[in-house]
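Please look over the sequence and the structure shown below before reading on. The report is written for someone who meets this structure for the first time.

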Amino acid sequence: MMIKTLLVDAGGVLFNNILEETCFVRDLARRYDADPDRLLTEMKSSAHHYESGAGHVHGVLYDTLTAAGAARAHEFDAYWADQLYLASVHCYDDNVAALAEVVRAHSGLTVVLANNEAEHWDELKNAHFGHYRHFDRLCSSWRMGQVKPSAEYFTTVLDHCEAQARESLMIDDRAEVIDVARTLGMSALHVRTPAMLRSQLLSTVEGSPRRSELADAGIDGHGVGSDVSRGI
């Protein structure tokens, strides 16, 4: 089946994962006198509040610091937290280039930002890195009011993009997201490491790898946001 729509995650694919791969939580814990492991647990369990757009990330951060028993949570500084977030973000430039290569080779593709993120941090990151320009449709979780890996998220995104599941490829670093995408009839590229996107994306879109190679690579060959001008 020809791929017409690319749903591309951000953290773990085009950027690093802030909570899992950086000192963001540790530095928050140190500043506000909290146990870092407890704070990480609280942040992961509360992430859906800001990812769905139900709450501002600053309010959620304050609440998680309080829930984690941070002795200085009352001193929460939103500006400092934003600067720490930006200092923690790293863009995988080679993966952005790999995405650009696919777009040049297949100009008819619709490229969709399909990430879980807080509205404030998505906008902050875009102001710094300009990642929105690489997409035709912006379908971050806060825009959709749904969070991956829920089936409701995928249904909302596909409806918004007027896309068919069987003609769509989900690119993500989380196995649970990949599993739901496959269940819904989408093709999927499980990006276990950043380098994997560069080595597999073009051939996956073109359908050139043999089925056994797809399986070994974690690829399954089965089977709302505002519109923006693509600037890759």
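What follows is a report on aromatic rings, charges, backbone features and nonpolar cores.

The model described here is predicted.

**Aromatic rings**

A pair of aromatic rings is described by the distance of the centres and the angle of the planes. A search of the whole structure finds eight aromatic pairs, and two of them can be set out in detail. The rings of Tyr32 and Phe76 have centres that lie 6.0 Å apart and planes that meet at 40 degrees, so this pair is tilted. It is a pair that links distant parts of the chain, since Tyr32 belongs to helix 2 (residues 24-32), while Phe76 is in the loop between helix 4 (57-67) and helix 5 (78-88), and the two are 44 residues apart. Both Tyr32 and Phe76 are buried.

The pair of Tyr153 and Phe154 is edge-to-face, with 5.6 Å from centre to centre and 80 degrees between the planes. Tyr153 is buried, as is Phe154. Elsewhere, ring pairs join Phe24, Tyr50, Tyr85 and Trp121 into a cluster.

**Charges over rings**

| Charged residue | Ring | Distance to ring centre |
|---|---|---|
| Arg31 | Trp80 | 4.3 Å |
| Lys125 | Phe15 | 4.7 Å |

**Backbone features**

Most residues other than glycine have a negative phi, and most peptide bonds are trans. Against this background, the peptide bond that joins Lys148 and Pro149 is cis, with an omega of about 10 degrees, and Pro149 itself lies in the loop between helix 8 (141-144) and helix 9 (151-161).

Asp33 is not a glycine, yet it has a positive phi of about 60 degrees; this residue is placed in the loop between helix 2 and helix 3 (36-51). Because its relative accessible area is 48%, Asp33 counts as partly exposed. Glu162, which is likewise not a glycine, has a positive phi of about 50 degrees and is found in the loop between helix 9 and strand 4 (168-172). With a relative accessible area of 72%, Glu162 is exposed.

**Nonpolar cores**

The largest nonpolar core holds 55 residues, and the members that touch the most other members are Leu6, Val8, Phe24, Trp121, Ile171 and Leu201. Helix 2 provides the largest share of this core, namely five residues.

His49 has its place in helix 3, and its relative accessible area of 36% makes it partly exposed. Between His49 and Gly59 there are 9.8 Å in space, C-alpha to C-alpha, and the two residues are 10 residues apart in sequence. When neighbours within four places in sequence are left aside, His49 is in contact with Ala54, Gly55 and Val60.

Technical notes
Residues numbered from 1 in each chain as written. Predicted model: local features only at pLDDT ≥ 70, side-chain atom pairs only at ≥ 80, totals over all residues. Heavy atoms only, no water. Phe/Tyr/Trp six-rings, centres within 6.5 Å; stacked < 30°, edge-to-face > 60°. Helix = DSSP H or I, 4+ residues; strand = E, 2+ residues; numbered from the N terminus. Buried < 20%, exposed > 50% of the residue type's maximum accessible area, 1.4 Å probe, protein only. Lys NZ or Arg CZ within 6 Å of the ring centre and 35° of its normal. Core = buried A, V, L, I, M, F, W, Y, C linked by side-chain atoms within 4.5 Å. Contact = heavy atoms within 4.5 Å.
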